[in-house]
Amino acid sequence: MEKAIKKYLPIFVLPTFLAFLIGFVAPFLLGLWLSLCDFTTVTDATFVGFSNFVLAVQDTVFQHSFWYTALFTVVSVIVINVVAFAIALALTRKLRGTNLFRTVFFMPNLIGGIVLGYIWQLIFNGILAQYSQALSLNEWYGFAGLVILVAWQQIGYMMIIYIAGLQSIPGDVLEAAAIDGASAWRQLVDVTIPMMMSSITICMFLSLTNGFKLFDQNLSLTAGEPSKMSEMLALNIYHTFYGRVGWEGVGQAKAVIFCLIVVGIGLIQLRATRSKEVQQ
């Protein structure tokens, strides 16, 4: 069987490899080239060097979007992971109805971001209207709304990963800690968390990258209002590319910068959390 697998491996790998080249590598390399060009379509690109990157970095709206996105990501990562971990701890106890609660908490993740954005927009504006306010009048109303929306959507998904991590911890290790006199808090800090760092690594990576890449919820909930003050990086790139004539190259340069930022931060986070993982 092993010889047969090795013999026919290229045949099975080739379709996936071609799909990867066509669907990812080729568009990525084309995007890098276009970021160095002035163009309207991909057929009329004119090389202009790094001028697009200079304009992108000098764009004050892009700078604001970066810091706004960074702050949102920090807050959402903390909220999502702390709440998801707490719920996972509660639902791994011997309580009645835990399977039902797991299903209920996971269900928001099945709803599309655009739909969620419009639903929560109605909810938030309905509440703010009681105080003569609206999401479009203050960027920080939009910020809080985005944090609540994304947390509500993603907590259930992260909860499932944390539950899997908690259930993989050997029971005898926790029993030994309890026999040694460790309190519930010390067991959590010194035993549970270190032994499920692999789950924490995954959840941190997903919530971190999702926070930076957020687009559809931002588009449907605030659309960048007021005056692009609640516009996050992905939405800013979209508006630059499709909403500003002659700025297609700058929009592509912003996309390249955005990619480098997300990849760099993701790698730093993976390195930081993986170094603390404990081998069971």
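This is a predicted model: local features need pLDDT of at least 70, side-chain atom pairs count only at pLDDT 80 or more; totals for chains, interfaces and linings use all residues.
Local features here need a pLDDT of at least 70, side-chain atom pairs count only at pLDDT 80 or more, and totals for chains, interfaces and linings use all residues. Residues are numbered from 1 along each chain as its sequence is written, and side-chain values use heavy atoms, with hydrogens and water left out.

**Overall build**

The protein has 12 helices and 2 strands; these are DSSP runs numbered from the N terminus, with helices (H or I) of at least four residues and strands (E) of at least two. Reading from the N terminus, the order is α-β-β-α-α-α-α-α-α-α-α-α-α-α. Along the principal axes, the C-alpha atoms fill a box of roughly 70 × 70 × 30 Å.

**Two helix pairs**

Two packed helices are described by the angle between their axes and the distance between the axes. Axes are lines fitted to C-alpha atoms, for helices over the stretch in contact, and angles run from 0 to 180 degrees between N-to-C directions.

| Helix pair | Angle | Axis distance |
|---|---|---|
| α7 (residues 171-179) and α8 (residues 184-195) | about 165° | 11 Å |
| α3 (residues 60-91) and α6 (residues 139-167) | roughly 40° | within 6 Å |

The angle makes α7 and α8 roughly antiparallel, a word used for angles over 145 degrees. Their crossing is right-handed, with the near helix turned clockwise from the far one by less than a right angle. On the α7 side, V173, L174, A177 and A178 make the contact, and they meet Q187, V191, T192 and M195 of α8; contact means heavy atoms within 4.5 Å.

The contact of α3 with α6 has 25 nonpolar, 4 polar and 1 charged residues. Nonpolar means Ala, Val, Leu, Ile, Met, Phe, Trp, Tyr, Cys and Pro; charged means Asp, Glu, Lys and Arg; the others, Gly among them, are polar.

**The largest pocket**

On a 1 Å grid over the protein atoms alone, a pocket is an open set of points where a 1.4 Å probe fits, with protein on both sides within 12 Å along at least five of seven lines; lining residues have an atom within 4 Å of a point. The largest pocket holds about 370 Å³, the space filled by probe spheres set on the points. Its lining includes L89, R93, K94, L174, Q187 and T192. Helix α8 gives the largest share, 4 residues. By class, the lining has 6 nonpolar, 4 polar and 2 charged residues.

Methods. Angles under 35 degrees count as roughly parallel, over 145 as roughly antiparallel, 65 to 115 as roughly perpendicular and the rest as oblique.
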